[in-house]
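Please take a moment to look over the sequence and the model before reading on. The paragraphs below are meant to be read slowly, with the structure in view.

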Amino acid sequence: MFRGIATVSLLVISNAFMTLAWYGQIAFKSRLERFSLMLIILMSWGVALFEYCFQVPANRLGSAEFGGPFTIWELKVIQEVVSLSVFTIFALGFMKSDPLRWNHLAGCICLSMAVDFIFRKSPGGGGAKGPERTTRSEAGSTPSGFHARRGWMHSGLGPMQ
């Protein structure tokens with residue numbers, strides 16, 4: 001449980017930096033408009049560095065591949081929901097020219113439904129910690145890429161190892 005909470009917390013911090021890096025130059029236009037675009041880009045990269053300092057450990061801590069509670073799919077959806085939530089707070093606080101509308105809320109509801117689908121476990125009990133979970137090295141494959149244990153073809157990137 002600690003790894004899950006720590007992962008989400010790090011993702012919130014990470015996304016706060018990324019939102020500032022991407023949208024800060026719009027929100028603080030009056031203070032930054034005297035700077036050239038190249039300088040704004042460099043300042044954004046400086047802020048984004050801190051985003052990576054939290055994002056990478058969050059993914060590593062949360063990934064089932066490193067003993068965390070989430071599959072890579074779950075991590076991605078969590079990150080998107082956190083990103084949208086942080087952006088919404090930022091936009092409501094700093095971007096007064098673009099109000100929150102009903103279609104924005106509808107999109108948030110759709111994203112919440114995506115979270116439900118991603119975290120829904122298969123009837124056989126699969127999932128991040130279920131009996132069907134295998135790593136690439138445990139799974140093996142034939143030269144054609146057919147995954148013998150789960151019975152699916154991978155994307156053609158070569159045999160899974």
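This is a predicted model: local features need pLDDT of at least 70, side-chain atom pairs count only at pLDDT 80 or more; totals for chains, interfaces and linings use all residues.

Residues are numbered from 1 along each chain as its sequence is written, and side-chain values use heavy atoms, with hydrogens and water left out.

The protein has six helices and two strands, where helices (H or I, at least four residues) and strands (E, at least two) are DSSP runs numbered from the N terminus. Followed along the sequence, these elements give the pattern α-α-α-α-α-α-β-β. Of the 161 residues of the protein, 27% count as buried; here buried means under 20% relative accessible area, exposed means over 50%, and partly exposed lies in between, with a 1.4 Å probe and protein chains only. The protein exposes about 11,000 Å², of which carbon and sulfur atoms supply 68%, and such accessible areas come from the Shrake-Rupley method with a 1.4 Å probe, where for residues only the protein chains shown count as cover. Among the contacts in the protein with a separation of 6 or more, 64% are accounted for by residues 24 or more positions apart, a contact being a pair with heavy atoms within 4.5 Å.

We can now turn to the way helices pack. The axes of helix H1 (residues 2-27) and helix H4 (residues 72-94) come within 8 Å and cross at roughly 45 degrees, which makes H1 oblique to H4. Axes are lines fitted to C-alpha atoms, for helices over the stretch in contact, and angles run from 0 to 180 degrees between N-to-C directions; angles under 35 degrees count as roughly parallel, over 145 as roughly antiparallel, 65 to 115 as roughly perpendicular and the rest as oblique. On the H1 side the meeting residues include Leu11, Asn15 and Tyr23, and on the H4 side they include Gln79, Val82 and Phe90. The residues of this contact of H1 with H4 divide into 14 nonpolar, six polar and no charged, where Ala, Val, Leu, Ile, Met, Phe, Trp, Tyr, Cys and Pro count as nonpolar, Asp, Glu, Lys and Arg as charged, and the others, Gly among them, as polar.

H1 also packs with helix H3 (37-62). The axes of H1 and H3 come within 8 Å and cross at roughly 165 degrees, so H1 is roughly antiparallel to H3. Their crossing is left-handed, and the contact of H1 with H3 has 16 nonpolar, eight polar and three charged residues.

H4, in turn, packs with helix H5 (residues 102-119) at an angle of about 160 degrees, with their axes 10 Å apart, and H4 is therefore roughly antiparallel to H5. H4 passes H5 in a left-handed crossing. Trp73, Val77 and Leu84 are among the H4 residues that meet H5, where their partners include Cys108, Leu111 and Phe119; the residues of this contact of H4 with H5 divide into 11 nonpolar, no polar and two charged.

Gln79, found in helix H4, is buried because its relative accessible area is 12%, and, leaving aside its neighbours within four places in sequence, Gln79 is in contact with Leu11, Asn15 and Gln55. Ile89 also has its place in helix H4, yet Ile89 is exposed, with a relative accessible area of 63%. The C-alpha atoms of Ile89 and Ala16 are separated by 9.7 Å, although the two residues are 73 residues apart along the chain.

The loop between H3 and H4 holds Phe66 and Phe70. Phe66 counts as partly exposed because its relative accessibility is 46%, and, apart from its neighbours within four places in sequence, Phe66 is in contact with Arg3 and Arg60. Phe70, by contrast, is buried, with a relative accessible area of 11%, and Phe70 and Thr7, which are 63 residues apart in sequence, are 9.5 Å apart in space, C-alpha to C-alpha.

How values were computed. A crossing is left-handed if the near helix is turned anticlockwise from the far one by less than a right angle, and right-handed if clockwise.
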